[in-house]
Amino acid sequence: MPYKLSAALAAHSSDVRAVASPTNDLVLSASRDTTAIPWERTSPNQFHNPTIYKASSRYVNAVAFLPPDESSPKGYLIAAGQDAVINLFSLSVYNADPDYSLLGHSDNVCTLDVAADGTIISGSWDKTAKVWKNFQLTYDLKGHQQSVWAVLAVGEDRYLTASADKTIRLWQTNKMIQNYPGHTDAVRGLTLIPDIGFASCSNDSEIRVWTFEGDIVYTLSGHTSFVYSLALLPNGDLISGGEDRTVRIWKDGECSQIITHPAISVWSVSTMPNGDIVSGTSDGMVRVFSTADERWASENEIKEYEEHVARQALPSQQVGDVKKSDLPGLEALNEPGRKPGENKMVRNGDTVELHQWDSDSSTWKKIGDVVDAVGQDRRQLFEGKEYDYVFDVDFQDGVPALKLPYNVTENPFAAAQRFLEKNNLPMSYIDQVVQFIEKNTGGVNLGGGDEYQDPFTGASRYRSAPGNSSSSDQASQYMDPFTGASRYSGTPQSTPSQPASSYQDPFTGANRYSGAPTAPVTPKAPATKVLPVTKPITFKQGNVAAMKNKLFQFNELLQSGISTSSIAISSQEAGKLETAFNYLSQAMAGPPTNPALTPEVVELAVSIMGRWPSAQLFPVVDLSRLLAGFAPEAFVPPGVKDAFVTGLLNAAEWNQPWRSPLPKSRETNILLLLRAWANLFHEKTHLGDAAWANKIIECLGEVPYTILAKTHRVPFATILFNMSVLGLQSALPAELRNTALTLMVGLAGAETDDAEAIYRTLVGIGNFVTASKASGGLNDDQTLSVAQALEPLLTRFADERIQNMSQEILALVL
């Protein structure tokens with residue numbers, strides 16, 4: 001019997017990014033509408049949702065089921081997403097707050113799996129997978145170069161991970177024991193294949209079946225775009241879902257049925273023990289399909305569903321060139337198809353229809369009308385291929401424009417990803433590139449409605465983020481010219497505070513925060529206690545090859561100039577830089593085998609920053625950032641950090657007037673300086689009487705905060721947060737501690753829309769407040785200034801993290 005619609009579950013208001021169906025009577029779904037829903041079967045073809053969990057303040061991208069235990073006889077729903085927190089909700093007794101929250105990832109958690117023994121494995125954009133046992137982090141799986149899109153518990157402490165770096169890895173505990181290269185694009189899904197190994201799917205549109213030894217058993221081709229998800233039926237058939245609107249059933253290496261959806265993206269598929277299939281799609285729907293006629297939907301519901309599919313508009317480029325006069329009429333549908341899923345275009349009056357052969361019913365089924373997208377006279381050639389548009393994109397002054405080819409039938413995020421990867425640009429530019437495409441193509445829609453979701457960022461289809469979205473998202477769209485990640489999130493910690501010094505507040509000009517307090521706030525206990533946070537946040541992502549190429553390219557320009565040849569890098573200096581780049585390349589991939597870098601490399605970077613023109617300095621400043629992050633031993637001798645801080649100040653022209661807008665080169669160098677400074681405050685840093693740390697705090701206090709670009713504000717806050725973490729390890733000098741607290745309180749009062757900068761600042765304040773408890777707490781002036789700065793945030797920011805952190809700090813100080 002063929003699969004037919006059994007039930008359509010409607011409650012989500014946006015894309016359903018993940019589904020799970022652990023039993024015949026339970027379906028779990030997660031959506032970018034910030035919710036996760038358990039659906040319970042009430043009849044053969046009916047489900048209801050007894051509750052809706054507000055699983056996050058941001059997009060929820062992964063869902064899984066944890067089997068029952070004594071505390072929860074019905075088990076747990078596990079949900080995770082962009083807030084980097086994994087939340088577990090008991091399905092036995094409804095509670096709006098999670099029963100457990102697993103903290104450890106620093107970026108979007110996009111995949112979850114659960115082993116038979118209850119072990120949880122998660123994958124994230126932070127390039128790691130993490131294994132959790134008894135709700136505690138057990139193993140940290142590090143080694144992938146890009147986001148981990150899929151994870152799978154194999155058994156016996158073995159785990160599979162798949163990544164945007166195009167590879168799959170097998171781990172025994174936390175050691176990689178096998179690597180599986182082969183896919184030519186990001187690997188998005190995994191599933192076990194008993195007695196063989198496992199299957200993987202990818203943005204390259206291929207499905208591959210592997211042995212655990214690394215042999216490819218066979219490859220399944222048929223999807224016409226990204227393949228996002230895989231599942232296995234009880235009879236051994238494979239199920240896949242992807243960007244081409246379809247769920248496909250694969251039997252004995254062949255596609256036996258195609259289920260076309262009235263949505264552009266089938267984000268997730270799962271299977272039930274009874275053989276039913278569940279899909280989650282970009283139109284916000286969860287659908288169940290069955291081969292058992294007693295579980296089929298009514299004839300009217302199935303007919304309505306098929307008509308909905310048939311009403312979809314398909315641009316001609318999606319199905320190939322269309323010359324209407326050459327197409328046959330409806331009579332061509334009298335001839336049977338040759339294989340399941342075969343497509344045929346026919347003329348029906350002035351309309352071109354696309355039909356698909358359904359081998360189970362031996363009929364052609366209409367799956368949409370083909371419409372023109374852009375006239376053929378407007379198509380352009382680029383690298384031998386035709387495109388509707390070929391844009392010139394300027395990413396940097398003085399550098400030739402880059403070519404961005406785009407067809408209006410494409411997922412703009414796919415086009416943006418391809419463009420960034422081809423040109424070795426950071427993936428955090430993806431939203432800006434998509435906005436550029438939308439603006440210059442009129443935001444062409446496919447299939448009607450805002451039903452598509454960006455497979456990389458979670459943003460809604462072909463649309464910019466709404467104006468009221470948190471600016472932390474906006475800030476995260478920027479990335480270093482080579483290296484930065486889209487967002488650096490993490491959790492902070494506590495540090496003692498003491499009486500206010502005579503330091504002048506750079507935000508208000510006063511030497512302390514005073515004034516009549518507003519109406520006192522009665523703090524609520526936050527949903528999940530976060531403080532203290534003991535791990536600093538670093539900015540260590542990087543593309544070393546691109547950085548190296550750009551630095552030596554600039555050096556060649558300087559060598560060729562009569563007036564600049566004297567400041568170019570010598571051959572001896574070039575050798576030292578080569579050593580540094582080789583070391584950093586190894587360090588980013590794993591423990592380096594090359595000898596540790598020496599202070600000479602830091603001194604060389606400082607020397608170059610002191611003699612090169614500002615416009616050519618950004619690769620050198622960025623190199624300095626990675627040196628601070630990966631070569632702490634090079635900074636140990638006395639005076640190295642002092643010279644390093646001063647060199648960065650010179651590169652960023654710190655002493656020049658602060659006028660808006662800042663020159664682009666200076667803006668970039670300031671961003672990289674702030675990230676380099678943040679990397680100096682790592683877990684093994686001991687401040688003591690460090691003059692360099694006092695210099696950093698002094699300089700941060702000189703900056704008119706509102707002049708800073710949004711991209712500067714997160715690393716600015718991170719420096720202060722990292723200092724608060726160090727204050728938890730050992731008491732900071734009183735003046736340094738009090739100045740840092742004064743700066744953070746001022747930042748909290750001055751920041752109006754960057755949620756990520758505020759959150760890091762708040763956690764830093766919370767760390768200071770928590771640590772101060774050991775020495776008697778804050779003094780009255782400090783307590784008052786903290787309360788006055790935090791109370792307005794409760795109304796200024798709707799972000800749940802900020803609300804909860806503000807409440808947690810207020811509960812400590814009031």
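A salt bridge is defined here as a side-chain nitrogen of Lys or Arg lying within 4 Å of a carboxyl oxygen of Asp or Glu. The structure is a predicted model, in which local features require pLDDT of at least 70 and side-chain atom pairs count only at pLDDT 80 or more, whereas totals for chains, interfaces and linings use all residues. Residues are numbered from 1 along each chain as its sequence is written, and side-chain values use heavy atoms, with hydrogens and water left out.

By the salt-bridge rule, the count comes to 22 salt bridges. One of these pairs R801 with D799, the closest N and O atoms being 3.5 Å apart. Burial was assigned from relative accessible area (buried, under 20%; exposed, over 50%; partly exposed, in between; 1.4 Å probe, protein chains only). On this scale R801 is buried, with a relative accessible area of 14%, and D799 is likewise buried, at 12%.

Helices were taken as DSSP runs (H or I, at least four residues) numbered from the N terminus. Within helix α11 (residues 664-680), E667 and K664 are 3 residues apart and are therefore separated by about one helical turn. Their side chains meet in a salt bridge with an N to O distance of 3.6 Å. K664 is partly exposed, its relative accessible area being 49%.

Helix packing was examined for α9 (residues 618-630) and α10 (residues 640-651), whose axes come within 11 Å and cross at roughly 155°. Axes are lines fitted to C-alpha atoms over the stretch in contact, and angles between N-to-C directions run from 0 to 180 degrees. Angles over 145 degrees count as roughly antiparallel, and α9 and α10 are therefore roughly antiparallel to each other. The crossing of α9 past α10 is left-handed, meaning that the near helix is turned anticlockwise from the far one by less than a right angle. The contact (heavy atoms within 4.5 Å) is made by V621, S624 and A628 of α9 together with F644, L648 and A651 of α10. By class, this contact of α9 with α10 comprises 5 nonpolar residues, 1 polar residue and no charged residues. In this classification, Ala, Val, Leu, Ile, Met, Phe, Trp, Tyr, Cys and Pro count as nonpolar, Asp, Glu, Lys and Arg as charged, and the others, Gly among them, as polar.

Note on methods. Helix = DSSP H or I, 4+ residues; strand = E, 2+ residues; numbered from the N terminus. Parallel < 35°, antiparallel > 145°, perpendicular 65-115°, else oblique.
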